[in-house]
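Student: I'd like to learn how to read a model like this one, feature by feature. Could you walk me through it?

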Amino acid sequence: MSTPRITFIGAGNMAASLIGGLRAQGIAAERIRASDPSPQQREAIAAQHGIETLEDNAQALADADIVVLAIKPQVMQAVCRDLAPHLPEQALVVSIAAGIACDSLQRWLGRELPLVRCMPNTPALLGLGASGLYANAQVSAAQRQQAERLLGAVGISVWLEEERLIDAVTAVSGSGPAYFFLLIEAMSSAGQQLGLPRETAIELVLQTALGAARMARESDVDASELRRRVTSPNGTTEAAIKAFQAGGFEALVGQALNAAAHRSTELAEQLGK
Ligand SMILES: NC(=O)C1=CN([C@@H]2O[C@H](COP(=O)(O)OP(=O)(O)OC[C@H]3O[C@@H](n4cnc5c(N)ncnc54)[C@H](O)[C@@H]3O)[C@@H](O)[C@H]2O)C=CC1
Ligand SMILES: O=C(O)[C@@H]1CCC=N1
């Protein structure tokens with residue numbers, strides 16, 4: 001397969017992560033371009049990755065095999081309507097915007113076209129992202145591979161058979177880093193209340209989070225077994241877990257993820273009109 005020409009519409013954080021990942025995988029800078037109205041964004045991404053940047057979205061589309069929509073959901077409709085007449089016939093469109101359904105994108109782009117909708121997350125910045133991908137019926141097997149390579153350059157990616165599951169992915173991994181950050185914040189301040197200096201508490205919490213994630217990732221037993229192994233009968237961990245359970249921890253996590261998924265559906269309805 002020859003290397004596709006990839007155009008990014010929007011050169012913000014997520015675009016920069018994806019471009020960094022592609023470059024690290026050996027994709028030549030000449031195959032990638034990005035458009036953004038902000039001169040600062042254009043200069044930053046050109047300096048960092050050596051790619052061509054343009055102010056004009058329509059110009060950036062010329063000869064593109066893959067067009068990545070890496071703009072905020074709120075500007076998606078206006079940008080798509082402007083792009084519509086300039087989109088190359090066979091181009092694969094990849095949208096990373098939260099809460100914008102394939103139907104809306106096709107309506108704004110003016111026709112049925114190969115479309116992959118994905119939900120990445122911010123650890124993509126470190127190549128540790130997790131993305132859910134949904135392809136519509138127009139996407140060819142070769143284009144699926146291209147989308148997989150694009151998102152695979154910044155972490156793991158999983159295919160979803162139904163578009164509605166993007167809302168679940170948004171709740172689990174799209175928003176997920178924020179839940180772990182919240183736990184890190186809460187454990188750090190609890191450590192301080194127990195008398196540890198702030199920096200010490202944060203350092204211990206961060207290394208514990210990293211160690212636990214790697215153990216869960218690399219071990220051949222599941223998280224509940226790893227938890228059991230830390231939890232001595234009548235010991236300290238058991239006391240903490242009992243306190244979590246008495247506070248309804250698992251039900252609360254369920255409610256939180258439901259709220260995120262519900263909001264994702266609601267945004268798609270509002271923004272998709
Ligand atoms: N931040 C996150 O955790 C996640 C974000 N996303 C999605 O990724 C998308 C991009 O998000 P970020 O990179 O974080 O945002 P960002 O704000 O860093 O980047 C957006 C870029 O679009 C540019 N832009 C604005 N109007 C434009 C136009 N008319 N034409 C071309 N470019 C334009 C802005 O100048 C900016 O550089 C969003 O749709 C968001 O929903 C998806 C998953 C996770
Ligand atoms: O909070 C949000 O709406 C976006 C989608 C996933 C992460 N950030």
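**Reading the model piece by piece**

Tutor: Let's begin with a loop: Asp 63 sits in the loop between α3 (57-60) and β4 (66-69). Keep in mind that this is a predicted model.

Student: What is the phi of Asp 63?

Tutor: The general idea first: most residues other than glycine have a negative phi. Now the case here: Asp 63 is not a glycine, yet its phi is positive, about 65°. Asp 63 is also exposed, with 9 other C-beta atoms within 10 Å.

Student: Which residue other than glycine has a phi near 60°?

Tutor: That's Asn 234, and the value is positive. Asn 234 is in the loop between α10 (223-230) and α11 (236-246). It has 7 C-beta neighbours inside 10 Å, so Asn 234 counts as exposed.

Student: Let's zoom out. How many helices and strands does the protein have?

Tutor: Twelve helices and eight strands. The C-alpha trace spans about 70 × 35 × 35 Å along its principal axes. Of the 273 residues, 32% count as buried. As for contacts between residues at least 6 apart in sequence, 67% of them join residues at least 24 apart.

Student: What covers the buried residues of α5?

Tutor: The cover includes α4 (73-83), β5 (92-95) and β6 (115-119).

Student: What comes after α5?

Tutor: Gly 110 follows α5, and its phi is positive, near 85°. Glu 112 counts as exposed, because it has 11 C-beta neighbours inside 10 Å. Setting aside neighbours within four places in sequence, Glu 112 is in contact with Gln 106 and Gln 138. From Glu 112 to Cys 102 you go ten residues in sequence and 9.6 Å in space, C-alpha to C-alpha.

Student: You listed α4 in the cover. At what angle do α4 and α5 pack?

Tutor: In general, two packed helices are described by the angle between their axes and the distance between the axes. For α4 and α5, the angle is about 45° and the axes are 7 Å apart. That angle makes α4 oblique to α5.

Student: Which residues of α4 and α5 meet?

Tutor: From α4 there are Gln 77, Cys 80, Arg 81 and Leu 83, and they meet Leu 105, Trp 108 and Leu 109 in α5. Sorted by class, this contact of α4 with α5 has five nonpolar, one polar and one charged residues. Leu 105 is one of the buried residues of α5 too.

Student: Is Leu 150 buried or exposed?

Tutor: Buried, with 27 other C-beta atoms within 10 Å. Leu 150 lies in helix α6, residues 141-152. Not counting residues up to four places away in sequence, Leu 150 touches Leu 18, Leu 22, Ile 66 and Val 94. Ala 240, on the other hand, is 90 residues from Leu 150 in sequence and 42 Å from it in space, C-alpha to C-alpha.

Student: Now the ligands. How many residues surround ligand 1?

Tutor: There are 27, and the closest are Gly 10, Gly 12, Met 14, Ala 97 and Ala 98. The elements giving two or more residues to this shell are α1 (13-24) and α4. By class, the shell around ligand 1 has 15 nonpolar, ten polar and two charged residues.

Student: And which residues are around ligand 2?

Tutor: Ala 98, Thr 170, Gly 174 and Ser 175. By class, that shell has one nonpolar, three polar and no charged residues.

Terms used. Residues are numbered from 1 along each chain as its sequence is written. Chains are lettered from A and ligands numbered from 1 in the order in which they are written. This is a predicted model: local features need pLDDT of at least 70, side-chain atom pairs count only at pLDDT 80 or more; totals for chains, interfaces and linings use all residues. A residue is buried if 20 or more other C-beta atoms lie within 10 Å of its own, exposed if 12 or fewer, and partly exposed in between; C-beta atoms are placed from the backbone. Helices (H or I, at least four residues) and strands (E, at least two) are DSSP runs, numbered from the N terminus. Two residues are in contact if their C-beta atoms, placed from the backbone, lie within 7 Å. A residue is near a molecule or strand if its C-beta atom, placed from the backbone, lies within 6 Å of it. Ala, Val, Leu, Ile, Met, Phe, Trp, Tyr, Cys and Pro count as nonpolar, Asp, Glu, Lys and Arg as charged, and the others, Gly among them, as polar. Axes are lines fitted to C-alpha atoms, for helices over the stretch in contact, and angles run from 0 to 180 degrees between N-to-C directions. Angles under 35 degrees count as roughly parallel, over 145 as roughly antiparallel, 65 to 115 as roughly perpendicular and the rest as oblique.
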